[in-house]
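Colleague: I am new to reading structures like this one. Can you walk me through a few features?

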Amino acid sequence: MLTLSKGLEIQVQNALEKAFPEAAAQALDSGSKLNPQLVRASKPEFGDFQINGALQLSKQLKTAPREIAEKIIQELNRNERFLTICNSAVIAGPGFINLTLQPECLTSEIKTRVKDPRIGVPKRNFIDTHTKYSRVVVDFSSPNIAKEMHVGHLRSTIIGDSLARILEFRGYEVLRINHIGDWGTQFGMLITHLKTVAPEALTKANALELENLVEFYKQAKQKFDSDEIFQKQSREEVVRLQAGDSLSIKAWSLLCDQSRREFQQIYNLLDIQIHERGESFYNKYLANVITELTDANLLIVDQGAKCIFLDEKKNKGSKKSVIIIQKSDGGFNYATTDLAALRYRFNQVPEGDGASRIIYVTDAGQANHFEGIFEIAKRANWIPKGGRIEHVPFGLVQGPDGKKLKTRSGETIRLRDLLDEAVNRAEVDLKLRLQKEGREESEEFIKNVSTTVGIAAVKYADLSQNRITNYQFSFDRMLALQGNTAPYLLYALVRISGIARRGGSDDLNIENLEFNEPQEWELIRELLKFDEIIVEVEEELLPNRLCTYLFELSQIFNRFYEQVPILKADMQNRISRLTLCRLTAKTLQLGMNLLGIPSLERM
RNA sequence: GGGGCUGUAGCUCAGUUGGAUAGAGCGACGGUUUCCUAAACCGUAGGUCGUGGGUUCGAGUCCCGCCAGCCCCGCCA
């Protein structure tokens with residue numbers, strides 16, 4: 001109801017200014033406006049919108065809140081345009097004004113939405129806004145070469161993908177960037193170690209299974225932490241690699257290829273589109289970062305390393321935190337790479353991406369790091385005018401015991417295994433139900449439904465939680481057939497498909513819709529919120545808001561479905577109700593699609 | 001020691017620029033299958049919003065102190 005509420009806002013603003021012309025003029029002189037505080041009603045019994053401003057303005061206007069409200073109402077009731085949108089305004093409580101929309105207004109919104117593939121969600125207009133460029137970088141997923149993807153990558157991948165989908169839908173040109181860990185000290189360790197234990201892996205493709213590679217990586221890491229000579233060798237190896245030594249590069253690219261194929265399988269299963277541009281891509285830009293930071297007088301040499309000290313403002317006598325830009329051995333580390341990446345992304349094409357907004361989807365543990373990186377970027381003047389840069393943090397994935405999710409033996413859980421288990425459990429649930437209901441379904445049906453339900457459950461469980469907090473992973477809860485879960489949403493959609501199959505699919509003449517039941521109006525009002533939710537998620541980058549909305553929509557639909565006859569209703573009501581079904585299906589489908597979750601006709 | 005995040009019903013969590021009587025789901029208890037998938041729907045019980053101050057007409061929400069848990073803090077990413 002974005003358009004409606006915008007129109008309403010103008011009417012309410014006018015009414016307030018007409019009611020108190022002197023105060024309005026005064027406010028205008030000081031460069032502000034009287035704020036009527038028009039918001040959505042907090043409860044259905046208060047109508048559709050409420051005006052809260054009278055209470056706050058009381059002091060300034062030296063008038064009792066209810067008296068202010070009374071005057072605003074008088075103005076509103078005099079305004080014909082307002083009366084075509086709303087029933088007359090009502091004063092309530094200590095000075096709130098409750099507004100209820102005209103039923104014709106709601107009905108006509110429903111009609112336009114049924115026909116609109118975007119269901120009322122506007123595309124962002126980049127010409128009118130302060131942002132000149134529509135390009136956004138979403139940096140997400142980012143697994144490491146020579147390691148398997150695990151639950152830690154799950155959140156970044158799922159949340160990042162959903163945000164990318166929503167931004168794309170709103171009209172941004174989104175660059176989905178997989179900033180994979182394909183560079184740095186870890187490779188020095190791995191290559192050095194492989195030289196002695198499995199030299200063939202450095203010259204021949206697929207000499208090792210990925211699992212073995214992971215095992216070697218663990219050994220290398222252990223050696224690195226305990227053996228000083230090995231540590232030195234590894235660092236030298238990194239320097240060779242970063243300098244472009246051909247043998248090192250060859251070994252490195254073999255390792256990358258192998259991991260890459262493994263990642264792709266997961267992305268296929270999760271239906272994730274992402275463009276790989278790992279840390280190594282920025283290798284050729286690293287030296288320039290040093291040059292620019294030196295020119296900007298930001299670098300300080302400390303113990304042989306080039307550093308930037310932060311925390312200028314927060315000087316409570318505390319130690320300043322520091323970011324190392326170039327190590328004492330000449331090597332670069334992840335801060336350097338992140339700065340080079342940031343620089344590149346904001347730079348204009350062809351020397352960069354020409355982005356106006358960069359979004360990093362990583363765990364909350366990196367908040368300090370990004371804060372530092374962003375501060376440096378600001379000081380170096382690398383953020384263009386109107387440019388936005390945001391860290392989108394998320395919490396840990398915990399097991400049912402509240403601790404970091406591990407296997408029974410204490411190992412990290414492979415993402416692959418986790419997804420397989422979700423699908424298998426969904427299959428067991430489904431078969432049990434088929435048996436109970438005496439249904440016969442093909443193998444293909446069972447396979448398709450279990451995969452969809454399993455993957456959807458994992459994705460939805462993650463997305464439906466506020467990402468900031470830690471997230472307790474539980475197969476039982478996410479696959480539960482009731483509650484705020486993917487199966488619940490999928491089921492609502494299946495019910496609608498059922499109606500369509502039984503004669504609800506005829507071409508509807510939606511010119512004369514008529515609604516009488518409270519369940520219908522409740523559904524209508526919920527359906528019309530969709531556009532606001534999408535715009536909100538675009539701004540706040542919180543997909544759980546969309547999940548909550550879809551869940552509530554499903555609940556309201558299920559109530560409507562239970563309590564109001566549809567196919568058995570007379571023609572007029574039948575068409576009207578089928579229209580609501582159709583719009584509900586469209587909304588659920590689009591909403592789930594924006595979360596990266598597919599839907600089903602039957603389940 | 002410094003910094004960040006979190007603390008809301010028995011459990012898992014929502015809670016919109018501060019707005020009216022703090023909401024879901026699960027679990028518990030009770031009820032509902034003669035249109036369309038009961039994987040559903042309806043009802044009941046359950047709260048000092050960690051704690052102490054402050055700002056405000058109004059605070060779960062903003063500010064300060066304290067307590068608890070988790071995470072980060074110079075050559076790993």
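Modeller: Start with the word "near". A residue is near a strand if one of its heavy atoms lies within 4 Å of it. Keep in mind that this model is predicted.

Colleague: How many residues surround RNA strand B?

Modeller: There are 71, and the closest are Val39, Lys59, Tyr334, Arg433 and Tyr491.

Colleague: What kinds of residues make up the surface near RNA strand B?

Modeller: They split into 24 nonpolar, 28 polar and 19 charged. Now look from the RNA side.

Colleague: Which part of RNA strand B does glutamate 562 approach?

Modeller: A polar contact pairs N or O atoms within 3.5 Å. A polar side-chain atom of glutamate 562 lies 2.9 Å from a sugar or linking oxygen of RNA strand B. Lysine 568 uses a backbone N or O atom, 3.4 Å from a base oxygen.

Colleague: Which element gives the most to this surface?

Modeller: That is α21, with 10 residues. Other elements giving two or more residues include α3 (53-61) and α18 (486-504).

Colleague: Isoleucine 566 sits in the loop between α21 and α22 (571-595). Is isoleucine 566 buried or exposed?

Modeller: Buried means under 20% relative accessible area. Isoleucine 566 has 8% relative accessibility, so it counts as buried. Beyond its sequence neighbours within four places, isoleucine 566 contacts residues including Ile499, Phe560 and Leu578. The C-alpha atoms of isoleucine 566 and leucine 578 are 6.9 Å apart, with the two residues 12 apart along the chain.

Notes: Residues numbered from 1 in each chain as written. Chains lettered and ligands numbered in written order. Predicted model: local features only at pLDDT ≥ 70, side-chain atom pairs only at ≥ 80, totals over all residues. Heavy atoms only, no water. Polar contact = N/O pair within 3.5 Å; in protein donor to acceptor, adjacent residues only side chain to side chain. Helix = DSSP H or I, 4+ residues; strand = E, 2+ residues; numbered from the N terminus. Nonpolar A, V, L, I, M, F, W, Y, C, P; charged D, E, K, R; others polar. Buried < 20%, exposed > 50% of the residue type's maximum accessible area, 1.4 Å probe, protein only. Contact = heavy atoms within 4.5 Å.
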